[in-house]
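User: I would like a close look at one part of this protein. Please keep it brisk and stay with what the model shows.

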Amino acid sequence: MSVRAKVTCTSLAGSWVHFDTVYETDAQKSDENVRFTKATPSGSIQLLIDNEDARKQFEQGKSYYVDFTQAE
């Protein structure tokens, strides 16, 4: 099982990083974003990241893929 989501970093606050699912209904802007919007029209992920080097990898306003694979 594997599912991919596309999220946008909407806020960085201290060690907290917040992401919302991509929402785009205008196919002229991005066909890919429209496909992700249909699959996951709403959702959010909030992470507390203690590792500063890891946290610096995220930038507010940028989009990221999140892959979900079942843990064994």
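Which residues do ring pairs link into a cluster?

Analyst: This is a predicted model. Ring pairs join F19, F58 and Y64 into a cluster.

Start with the pairs themselves. A pair of aromatic rings is described by the distance of the centres and the angle of the planes. The structure holds four aromatic pairs. One of them is F19 with Y64: the ring centres lie 6.1 Å apart and the planes stand at 85 degrees, so this pair is edge-to-face. Planes over 60 degrees apart count as edge-to-face. The F19 and Y64 pair links distant parts of the chain. F19 sits in strand 2 and Y64 in strand 4, 45 residues apart. The rings of F58 and Y64 also pair, with centres 5.2 Å apart and planes at 75 degrees, so this pair is edge-to-face too. Y64 therefore takes part in both pairs, one with F19 and one with F58.

Now the cover. F19 is buried, because its relative accessible area is 4%, and buried means under 20%. F58 has a relative accessible area of 24%, so it counts as partly exposed.

T21 has 18% relative accessibility, so it counts as buried. Leaving out residues up to four places away in sequence, T21 touches K6, V7, T40, P41, S42 and G43.

Strand 4, which holds Y64, has another partner. It covers residues 63–69, and the buried residues of helix 1 pack against it and against strand 1 (2–13). Those buried residues of helix 1 (31–39) are N33, V34, F36 and T37. They lie on the same side of the helix, because they cover an arc of only 165 degrees around its axis. The face turned away from that buried side carries the exposed residues R35, K38 and A39. An α-helix has 3.6 residues a turn, so residues three or four places apart point the same way.

Last, the setting. The protein has two helices and four strands. Along the sequence they follow the pattern β-β-α-β-α-β. Of the 72 residues, 25% are buried. Among contacts with a separation of 6 or more, 63% are between residues 24 or more positions apart. The F19 and Y64 pair, at 45 residues apart, also links distant parts of the chain.

How values were computed:
Residues numbered from 1 in each chain as written. Predicted model: local features only at pLDDT ≥ 70, side-chain atom pairs only at ≥ 80, totals over all residues. Heavy atoms only, no water. Buried < 20%, exposed > 50% of the residue type's maximum accessible area, 1.4 Å probe, protein only. Arc of directions from axis to C-beta. Contact = heavy atoms within 4.5 Å. Phe/Tyr/Trp six-rings, centres within 6.5 Å; stacked < 30°, edge-to-face > 60°.
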